[in-house]
Structure formats: C-alpha cells, structure tokens
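The sequence and coordinates come first.

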Amino acid sequence: MRDNWIAPVSLAAGLSFAVCQYFIFVYAPVEQTMGIVQKIFYFHLPLAWWALISFAVVFVASIMYLRKRDWFWDNLAGAAAELGVLFSGLALATGMVWGKHSWGVWWTWDPRLTTTLIMWFVYAGYLILRSMALSRERRAVVCAVLGIAAFVDVPLVFLSARLWRSIHPAVFASKEGGLEPEMKLTVILCVLSFGLIWLAMCAVRTRQAALTDRLDTIAAHGEA
C-alpha cells in the first residue's frame, strides 16, 4: 500500500493541534463553575472518542484478518490497539483530574468509569498477548479472536451514561447541552485534530510492523 500520504497527514495533524491551542485557551470562554480546569474537556473527549474508534478498528481488522489471512489486517489491529490503550489511558487520567475538581474525588465506581477501566485492562491484556513468544500465525489468529470478543465492552462504554444512573455527563446527548457555541466549535475542531493525529500514528505503527515482518522474512530466508 502506498504510504506517501503519511507525511502530509502528520504535518496537518501538528498544525491543527497548534491551532486548537488557540481555540482552547483564547477563543473558547472560561466555564463559570469549573474555571480553567474545564479546558481539560477539550482533550478528554477527543481522547475518549478516538479510543473507542481505535477498538472498533481492532474489531473490523480482526475479522478481516480471519477472512483474508493478510498480515496487513493483523498489523493494523495491533497498531489500533496500541493507540486505543494509550488514548483511553489518557482519557482516564484527564477524567480523574476533572472528577477531582467537579466531584471532589479522583475516582468513583460510576458505570462509565468502570466500563472504561475494564476496557483498558482487556486491551492491555490484548497487547501483552501480542508480545508473547508464539508463532507469527498462531499469535495473529489468537489475537484476532480476542480482538473480536473484547469489542463487547466498547458499546457498553459508549451507552453506559445513558443506560444506567451515571454522574458522568453525556454532553451531546443532553438537550440542554451546556456548551456555548464557541465551546462546541472548539471541541469539534479538537476531535478532528486528534483524528489526524490518530491516523498518522496508526499509519506509522502499521508501516513499522510491516517492515518488521519483511525483515523477519529476510532473516528467515538467510538462515535457511
């Protein structure tokens, strides 16, 4: 697959992230109740959304690998899982800062937080499995099965604040919303910017995995 688009996308990601800092800290008004701490929302929400998208990509790529037995799909699933664990971990960390200021505690066993933590552990285990010393094909099959099964928790994370009594706000599901137009525009730009960052990082990691496969193949032929 041609990968000459990765550099322009990476540049666009960097530029858009810089522009977002202006919108976050200058354009968007300071929220009256939480003050400057509310600004963490512009990082927390995109991280959480792109973590969920990452795990959806793992789900689709795992299915495609089992159907096609093409290393590309296995490499893509691995790259997306890495980003999902990274982004969901950062979402949990930023959420804890938000919770301490808003609810007075760093952590509470709220349905949204609990299902997110479970999701993080499941996909962290998926990454540990990928690092185990199994044969390349056996590891890819086992990880693909786990990548499909693990997705069960992802819709629960998304719907948890709506299905159960949760203190976690469902920002865009609320009719009142609570977001000023400037805030809504800023968070949309941040979601798009994090999307570019996600795309560039996922492409680079998938490409690195493909190069590793090629080197392993060359080494195996050299030893034969």
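Q: Which helix is Thr-186 found in?
A: The model is predicted. In this model the helix that spans residues 181-223 takes in position 186. Thr-186 is therefore found in helix α7.

Q: Is Thr-186 buried or exposed?
A: The relative accessible area of Thr-186 is 0%. Buried means under 20%. Thr-186 is therefore buried.

Q: Which residues is Thr-186 in contact with, leaving aside its neighbours within four places in sequence?
A: A contact here needs heavy atoms within 4.5 Å. With neighbours within four places in sequence left aside, the residues in contact with Thr-186 are Phe-23, Ile-24, Tyr-27, Ala-28 and Tyr-42.

Q: How many disulfides does the count come to?
A: A disulfide needs two cysteine sulfur atoms within 2.5 Å. The closest cysteine sulfur to that of Cys-143 is in Cys-202, 16 Å away, which is too far for a bond. Taken from Cys-202, the closest is in Cys-143, also at 16 Å and too far. The count of disulfides comes to zero.

Q: Are Cys-143 and Cys-202 buried or exposed?
A: Cys-143 has a relative accessible area of 0%, so it counts as buried. For Cys-202 the relative accessibility is 4%, so Cys-202 too is buried.

Q: At what angle do the axes of α2 and α5 cross, and what is their orientation to each other?
A: Helix α2 covers residues 41-68 and helix α5 covers residues 136-149, and their axes come within 8 Å. The crossing angle is roughly 135 degrees. Angles over 145 degrees would count as roughly antiparallel, and 65 to 115 as roughly perpendicular. The two helices α2 and α5 are therefore oblique to each other.

Q: What is the make-up by class of the contact of α2 with α5?
A: From α2 the contact draws on Val-58, Phe-59, Ser-62, Ile-63, Tyr-65 and Leu-66. From α5 it draws on Glu-137, Ala-140, Val-141, Cys-143, Ala-144, Gly-147 and Ile-148. By class, the residues of this contact are 10 nonpolar, two polar and one charged.

Q: What is the separation of the C-alpha atoms of Ala-61 and Ile-148?
A: Ala-61 is in helix α2, and is buried with a relative accessible area of 1%. Leaving aside neighbours within four places in sequence, Ala-61 is in contact with Trp-73, Leu-76 and Ala-77. Ala-61 and Ile-148 are 87 residues apart along the chain, and their C-alpha atoms are separated by 9.0 Å.

Q: What is the orientation of α3 to α5?
A: Helix α3, residues 71-102, packs with α5 at an angle of about 60 degrees, and their axes are 11 Å apart. Roughly parallel would need an angle under 35 degrees, and roughly perpendicular 65 to 115. The orientation of α3 to α5 is therefore oblique.

Q: How many residues of the contact of α3 with α5 are charged?
A: On the α3 side are Trp-71, Asp-74 and Asn-75, which meet Arg-136, Glu-137 and Ala-140 in α5. The residues of this contact divide into two nonpolar, one polar and, as charged, three.

Q: What is the phi value of Arg-69?
A: Arg-69 is found in the loop between α2 and α3. With a relative accessible area of 45%, Arg-69 is partly exposed. Phi of Arg-69 is positive, in a residue other than glycine, and is near 55 degrees.

How values were computed:
Residues are numbered from 1 along each chain as its sequence is written. This is a predicted model: local features need pLDDT of at least 70, side-chain atom pairs count only at pLDDT 80 or more; totals for chains, interfaces and linings use all residues. Side-chain values use heavy atoms; hydrogens and water are left out. Helices (H or I, at least four residues) and strands (E, at least two) are DSSP runs, numbered from the N terminus. Buried means under 20% relative accessible area, exposed over 50%, partly exposed in between (1.4 Å probe, protein chains only). Axes are lines fitted to C-alpha atoms, for helices over the stretch in contact, and angles run from 0 to 180 degrees between N-to-C directions. Ala, Val, Leu, Ile, Met, Phe, Trp, Tyr, Cys and Pro count as nonpolar, Asp, Glu, Lys and Arg as charged, and the others, Gly among them, as polar.
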